Amino acid sequence: MIGKSELLEAISGKNRGLLATAADKQAILSLIAQLEDRNPTPRPTEAADLLEGDWRLLYTTSRGILGIDQLPLFKLGQVYQCIRTKERQVYNIAEIYGLPYLEGLVSVAAEFEAVSERRVKVIFKRSLSGLQRLIDYQSPSNFIEQIESGKKFTALDFTIDSREQRGWLDITYLDEDLRIGRGNEGSVFVLTKV
């Protein structure tokens, strides 16, 4: 599709947005808007087969995600969003790298509910942070299987109080391997299916 390859080229080498200059960001947001105008899936929240699966973050403007890279001695690795449509569950997983043997992981589990043809309300339920080797982290899907089986982790693992939340995400573009979303804090997310 025209626009998709241009967007992928523009975000290539930007390290999920960490290396994007102000001019890059402006150009990328313009390309995103053009692609959103040609969304091939007009009712993305109803396209469970397209939404389902593990998605890897290619680009974001989210300060929360990009801020992980600002921690001393740590660098942001791959970031995933794994959607399980039947269970209405979403898992955000950020791999963190730094000193040898101290690779980390920050994850949030949430429930989602479609509130319109393109918006989902997100209710965060659980946060889990720790060392990959102590968690026995191998891949996003393996990690999610462990969570869903009820495994107790050697990690900072706590329930999130859902009463104080107002999170939502608009899915503004969706095809078989690319998804664009805009969050309630004004952030944009570009993800590819893995």
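Q: In the loop between which two elements is Asp69 found?
A: This is a predicted model, in which local features need pLDDT of at least 70, side-chain atom pairs count only at pLDDT 80 or more, and totals for chains, interfaces and linings use all residues. Residues are numbered from 1 along each chain as its sequence is written, and side-chain values use heavy atoms, with hydrogens and water left out. Helices (H or I, at least four residues) and strands (E, at least two) are DSSP runs, numbered from the N terminus. On this numbering, Asp69 is found in the loop between helix 4 and strand 2.

Q: Is Asp69 buried or exposed?
A: A residue is called buried under 20% relative accessible area, exposed over 50%, and partly exposed in between (1.4 Å probe, protein chains only). Asp69 has a relative accessibility of 12%, so this residue counts as buried.

Q: With which residues is Asp69 in contact, leaving aside its neighbours within four places in sequence?
A: Contact means heavy atoms within 4.5 Å. With neighbours within four places in sequence set aside, the residues in contact with Asp69 are Leu18, Phe74, Lys75 and Leu76.

Q: How far apart in space are Asp69 and Ile96, C-alpha to C-alpha?
A: In sequence, Asp69 and Ile96 are 27 residues apart. In space, C-alpha to C-alpha, the separation of Asp69 and Ile96 is 8.2 Å.

Q: Which residues does Ile65 touch, not counting residues up to four places away in sequence?
A: Ile65 is found in helix 4. Ile65 has a relative accessible area of 19% and is therefore buried. Apart from residues up to four places away in sequence, Ile65 touches Leu57, Thr60, Leu76, Val79 and Phe189.

Q: Which residues of the largest nonpolar core touch the most other members?
A: A nonpolar core is a set of buried Ala, Val, Leu, Ile, Met, Phe, Trp, Tyr and Cys residues joined through side-chain atoms within 4.5 Å. The largest such core has 22 residues, and those touching the most other members are Leu57, Ile65, Leu76, Val79, Leu174 and Phe189. Two or more residues of this core come from each of helix 3 (48–51), strand 1 (53–60), strand 2, strand 3, strand 4, strand 5, strand 7 and strand 9.

Q: Which residues lie nearest the centre of the largest pocket?
A: On a 1 Å grid over the protein atoms alone, a pocket is an open set of points with protein on both sides within 12 Å along at least five of seven lines, a cavity is a set of points where a 1.4 Å probe fits but cannot get out, and lining residues have an atom within 4 Å of a point. The lining of the largest pocket divides into 22 nonpolar (Ala, Val, Leu, Ile, Met, Phe, Trp, Tyr, Cys and Pro), 10 polar and two charged (Asp, Glu, Lys and Arg) residues, with the others, Gly among them, as polar. Among the elements that supply at least two lining residues are helix 4 (63–66), strand 2 (75–84) and strand 9 (188–193). Of the 34 lining residues, those nearest the centre are Ile65, Gln81, Asn92, Phe124 and Phe189.

Q: About how much space lies in the largest cavity?
A: Grid points are joined across faces, edges and corners, and a volume is the space filled by probe spheres set on the points. The largest cavity is lined by Ser107, Val108, Ala109, Arg126, Leu128 and Ile147, and strand 4 gives the most to this lining, with three residues. The space in the largest cavity is about 40 Å³.

Q: How many residues of strand 7 are buried?
A: Two strands pair if DSSP finds at least two bridges between them. Strand 7 (residues 167–174) runs antiparallel to strand 5 (residues 119–131), with four bridges, and antiparallel to strand 8 (residues 178–183), with five bridges. Strand 7 and strand 8 form a hairpin with three residues between them. Strand 7 is mostly covered, and of its eight residues the number buried is seven.

Q: What is the phi of Leu73?
A: Most residues other than glycine have a negative phi. Leu73 lies in the loop between helix 4 and strand 2, and Leu73 is exposed, with a relative accessible area of 63%. Leu73 is a residue other than glycine, yet its phi is positive, near 70°.
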